[in-house]
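Hi everyone, thanks for making time for this.

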Amino acid sequence: LSSLSLPSSMHLIQVDSVQRWMEDLKLMTDCECMCILQSKPISIEKDEQNKLMLSSQYSTSDNLQLLLKRAWIISTELTRIAQKLEKNRWQRVHSMTVRVNCHVRSMINEYNTFTRNSSEEMHQFEKLLINKCSEFTALTERCIQTEDEEILKSMKSCINETLTTVAQHFGQLIELVLTHEAQNLLRQIELSDSVYVTESALSSLFGLTQEGAHLCRIIAKEGGVVALFKICRQDCFRCLYPQTLRTLASICCVEEGMHQLEKVDGILCLADILTDNSHSEATHAEAAAVIAQITSPHLTFMHHLSSFLENMEEIVTALVKLCQEASSGEVFLLASAALANITFFDTMACEILLQLNAMKILLAACSDKRIVDTPYSRDQVVTILANMSVLDQCASEIIQGNGIQLLMEMLFEKSSSGSSAEVAACERVQQKSAVTLARLSRDPEVADAAVKLSCIPRLIKLCRSPTERNNSDSVLVACLAALRRLAVMSPDGLEDSDFQQLVKPRLVDSFLLCTNMEESFV
């Protein structure tokens with residue numbers, strides 16, 4: 001019953017492979033040109049002019065993206081060299097080594113055109129890497145000049161060792177460069193009292209967080225969480241709160257970010273923002289996204305968030321209010337995702353939600369297609385319902401809010417786009433609605449309502465027809481459990497064949513029968 005984990009606060013970008021190739025093509029062709037022209041003299045004047053054009057063409061954020069793309073290409077090429085070396089493809093190994101050499105020099109030159117105050121240590125690593133790349137190229141060149149198998153065999157281990165050293169130096173240099181850039185951006189944020197400068201630095205910092213967990217760790221270690229919460233505590237930067245919180249949510253996907261958040265009383269700050277009605281809805285929504293991130297059931301390192309329990313009632317109350325007043329589907333999704341995750345975090349949250357009439361608010365929201373407009377939102381709502389359904393008082397709330405009808409509708413959840421993420425969300429909705437029905441049907445009134453709404457035929461259909469449940473085993477198990485609970489309360493609702501195959505046997509036997517069932521059996 002895992003809830004939606006909001007990777008990077010819902011800012012995950014799917015990059016088309018052709019688009020990625022088109023972007024990389026310029027870097028690749030530049031490099032091929034350099035391979036051809038590497039022995040040709042180029043005048044100093046033209047070289048300086050080219051540098052000027054490069055530095056003026058891109059912003060800091062663009063330069064970092066260019067650097068990361070170049071680094072990605074080098075990393076890929078080094079992997080391919082190792083593969084070709086394994087197959088003794090000496091000509092290919094040499095040509096690829098020349099290309100890597102050119103890419104490394106281009107990357108260093110490009111970086112030095114826009115960087116400021118780079119350290120002596122960085123310059124040392126640049127020289128080490130360039131020298132080692134030159135040595136690597138010379139080694140592979142010797143290999144293509146001989147056909148003696150014994151000589152090639154003896155050189156192979158040396159080349160492998162050099163390749164490993166190049167990869168290590170390259171990794172250390174990239175680590176230094178990214179740390180340096182993170183430090184520069186955080187220094188700008190720390191020292192600036194200008195909204196414009198801070199916004200620009202935040203934008204670049206957020207861009208870095210989208211490059212993966214490793215960069216988020218670097219930013220966290222360099223004090224990124226501390227600097228961002230400092231912004232969130234200054235009224236003069238209120239207009240930047242949404243952007244700041246979005247960046248925080250990204251950094252808090254790693255353990256280092258979570259530890260820093262705990263150290264600076266980040267939970268208390270988030271609670272203050274959520275409960276302050278003077279903030280914009282966008283600010284409240286991004287604060288909810290941070291809460292959703294740090295309470296994600298997928299994370300294994302949230303046990304230390306002791307301060308969360310101290311502020312949980314205030315946070316839950318604010319999130320319920322945000323769900324109730326949400327002006328868009330995205331705001332509702334962020335607030336409900338945070339609530340769904342909190343219901344996993346601590347059982348007391350379910351009792352608080354019951355006291356706040358959250359069930360009624362969530363069920364009402366589901367009838368507004370403008371607010372609950374995707375399977376992802378319905379996934380959050382049904383997660384909350386499933387976790388709240390362990391409480392006995394829940395049954396009457398569900399019936400009063402027409403919740404059984406909603407659960408029945410969720411058993412029909414289908415993807416409109418066919419994307420893998422949406423299909424997975426639909427499966428979770430079907431599974432959790434069946435689980436909720438199974439739990440609530442211990443109450444005769446709920447079971448009676450479910451039977452009257454024809455839940456039993458739908459559950460049978462989901463069990464017997466793999467395409468109806470998208471071949472999901474988790475949906476099948478949940479539907480079998482719900483069907484067995486309803487059959488106890490209303491045995492007359494089933495055909496004898498359904499009872500004999502889906503209810504009477506051990507659950508595992510019914511499961512095996514259904515997983516091997518052909519569509520024509522239905």
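Let's start with C143: its sulfur sits 8.7 Å from the closest cysteine sulfur, that of C158, so the two are too far apart for a bond. For a disulfide I require a pair of cysteine sulfur atoms within 2.5 Å. C232 is in no disulfide either, with the nearest cysteine sulfur, in C269, 5.3 Å away.

The cut-offs, using a 1.4 Å probe and protein chains only, are under 20% relative accessible area for buried, over 50% for exposed, and partly exposed in between.

A word on where this comes from: the model is predicted, so local features need pLDDT of at least 70 and side-chain atom pairs count only at pLDDT 80 or more, while totals for chains, interfaces and linings use all residues. Residues are numbered from 1 along each chain as its sequence is written, and side-chain values use heavy atoms, leaving out hydrogens and water.

Now to a helix pair. The axes of α16 (residues 348-355) and α18 (residues 375-388) come within 10 Å and cross at roughly 105°, so α16 is roughly perpendicular to α18. Helices here are DSSP runs (H or I, at least four residues; strands are E, at least two), numbered from the N terminus. Axes are lines fitted to C-alpha atoms, for helices over the stretch in contact, with angles from 0 to 180 degrees between N-to-C directions. Under 35 degrees is roughly parallel, over 145 roughly antiparallel, 65 to 115 roughly perpendicular, and the rest oblique.

Which residues make the contact? From α16 they are C350, L353 and L354, and from α18 they are I384, N387 and M388, where contact means heavy atoms within 4.5 Å. Five of these residues are nonpolar, one is polar and none is charged.

N357 has a positive phi of about 55° although it is not a glycine, and with a relative accessible area of 41% it is partly exposed. N88, in the loop between α3 (60-86) and α4 (90-114), has a positive phi of about 60° and is not a glycine. At 40% relative accessibility, N88 also counts as partly exposed.

Last stop: S433 in helix α21 (residues 420-440). S433 is buried, at 0% relative accessibility. Leaving aside residues up to four places away in sequence, S433 touches V382, L407, M410 and L411.

Terms used
Ala, Val, Leu, Ile, Met, Phe, Trp, Tyr, Cys and Pro count as nonpolar, Asp, Glu, Lys and Arg as charged, and the others, Gly among them, as polar.
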